[in-house]
Amino acid sequence: MKLSVLLFAAAREIAGCESVELELPAAATVAQLRVALLHTFPTLAARTGILLCAVNNVYASDDRVLQASDVVACFPPVSGG
Amino acid sequence: MIELTQQPIDFSTLTESVRSDQAGAVVLFLGTVREFTGVARTSWLEYEAFPEMATAAMQRLEAEVRQRFNVVEVAISHRYGRLELGDIAVAAAVSSPHRAQAFEAGRWLIDTLKESVPIWKKEHYADGATEWLHPEPVMGSRPEAAIPVASTFMSESSPEIVPEA
C-alpha cells in the first residue's frame with residue numbers, strides 16, 4: 001500500500017519536503033514505516049534523535065498496524081510552549 | 001477554550017473566559033520569548049505546528065486536566081509562526097474553587113503541553129545561527145514529567161492520554 005507521511009520541523013528540513021509517499025506491505029507496522037522512511041532519508045536518523053510517529057493525530061507505538069487510509073506523521077520530540 | 005493561532009494572544013480575554021462564580025481562584029501562565037539563554041542571544045523564534053494534531057492534543061489535555069483536578073474552566077492558546085522578543089507564545093489558564101488546586105492544575109497543564117503538543121521552536125540567534133530546540137527536562141512538581149517524551153507519550157495505551165471524547 002502507498003502511505004503519505006507528513007514531516008515536521010527538523011525532519012521536514014532534513015528531508016527537504018513536507019510529505020513523502022512510501023510503499024509499504026499491507027498491514028505494515030509503524031516500525032516498518034520507520035525503516036522505510038530512514039531508507040529514503042538516511043540522514044534523518046543521525047540528526048533528529050528520536051523520531052516520533054503519530055497516526056490519526058495520536059502518538060503511535062512501533063507495533064501499531066497501519067491502514068492505507070491513516071494520516072501518518074513523523075517528527076522530532078516537540079518543543080512548544 | 002482551545003486555540004491555535006498565528007495572531008497575538010489576547011490573554012485578557014482568555015483569562016476572562018475561565019472566570020466563574022464557582023471559582024475562588026484563577027491561575028494564568030504565559031510563556032514568552034526570552035532574549036538570553038545563558039550566553040546565547042535570541043533575535044526571534046519561529047514556531048512550527050502540526051495544526052490538526054496540536055488542536056486535538058490540546059483538546060485531550062483540557063479533558064484530562066478536568067478529569068485529574070477539581071477545575072471549573074480551562075483555556076489554552078498557543079501561537080505559531082514568527083515571534084519577536086517578549087511575545088507571548090502560549091497562555092494557559094485554569095479556575096478552581098481554591099488556589100492550591102488552581103496552581104497544581106496550571107502547573108500540570110503547561111508541563112504536559114510542552115511535552116506532548118506537536119509544536120516546535122527554532123531559535124534564530126543574534127549571530128545569524130539557527131537551531132531547532134530540544135525539549136527541556138522538566139523537574140519539580142511532577143517527577144514523571146522528566147521521563148523522555150518517547151517513552152511517556154508514544155504509546156496510545158499510555159494512561160497519560162485520554163481518548164478523544
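1. Strand β1 (residues 2-7) of chain A pairs with β2(A) in the antiparallel sense, over five bridges. Helices (H or I, at least four residues) and strands (E, at least two) are DSSP runs numbered from the N terminus, and two strands pair if DSSP finds at least two bridges between them. Within this pairing, K2(A) stands opposite E23(A) of β2(A).

2. On provenance and numbering: this is a predicted model, in which local features need pLDDT of at least 70 and side-chain atom pairs count only at pLDDT 80 or more, while totals for chains, interfaces and linings use all residues. Residues are numbered from 1 along each chain as its sequence is written, with chains lettered from A and ligands numbered from 1 in the order in which they are written.

3. Chain A holds three helices and five strands, arranged along the sequence as β-α-β-α-α-β-β-β. An open sheet of five strands has the order β2-β1-β5-β3-β4 (chain A), and its pairing is mixed. Its edge strands are β2 (19-23) and β4 of chain A, each of which pairs on one side only. Helix α2 (residues 30-40) of chain A lies across β1, β2, β3 and β5 of chain A and runs at about 115 degrees to β2(A); axes are lines fitted to C-alpha atoms, for helices over the stretch in contact, and angles run from 0 to 180 degrees between N-to-C directions.

4. As to the dimensions of chain A, the C-alpha trace spans about 35 × 25 × 20 Å along its principal axes. The radius of gyration of chain A is 12 Å, which agrees with the value near 12 Å for a compact globule of 81 residues; this radius is taken over C-alpha atoms, and the globule rule is 2.2 Å times the number of residues to the power 0.38. Of the contacts in chain A with a separation of 6 or more, 55% are between residues 24 or more positions apart; residues are in contact if their C-beta atoms, placed from the backbone, lie within 7 Å.

5. The interface involves 19 residues of chain A in contact with 29 residues of chain B. On the chain A side, the elements giving two or more residues are α1 (9-15), β3 (52-55), β4 (58-59) and β5 (72-75). By class, that side has 14 nonpolar, five polar and no charged residues. Here Ala, Val, Leu, Ile, Met, Phe, Trp, Tyr, Cys and Pro count as nonpolar, Asp, Glu, Lys and Arg as charged, and the others, Gly among them, as polar.

6. Leaving aside neighbours within four places in sequence, F75(A) is in contact with L7(A), F8(A), A9(A), A11(A), L52(A), F50(B) and P118(B). F75(A) and A9(A) are 66 residues apart in sequence and 6.8 Å apart in space, C-alpha to C-alpha.

7. In chain B, strand β4 (residues 40-49) is joined to strand β3 (residues 36-37) by two bridges, running antiparallel. The two form a hairpin with two residues between them, and G38(B) in the turn has a positive phi of about 65 degrees. β4(B) also runs antiparallel to strand β8 (residues 119-125) of chain B, with seven bridges, and pairs in the antiparallel sense with strand β6 (residues 81-84) of chain B over four bridges. Y47(B) has K121(B) as its bridge partner in β8(B) and G81(B) in β6(B).

Definitions and conventions
Contact = placed C-beta atoms within 7 Å.
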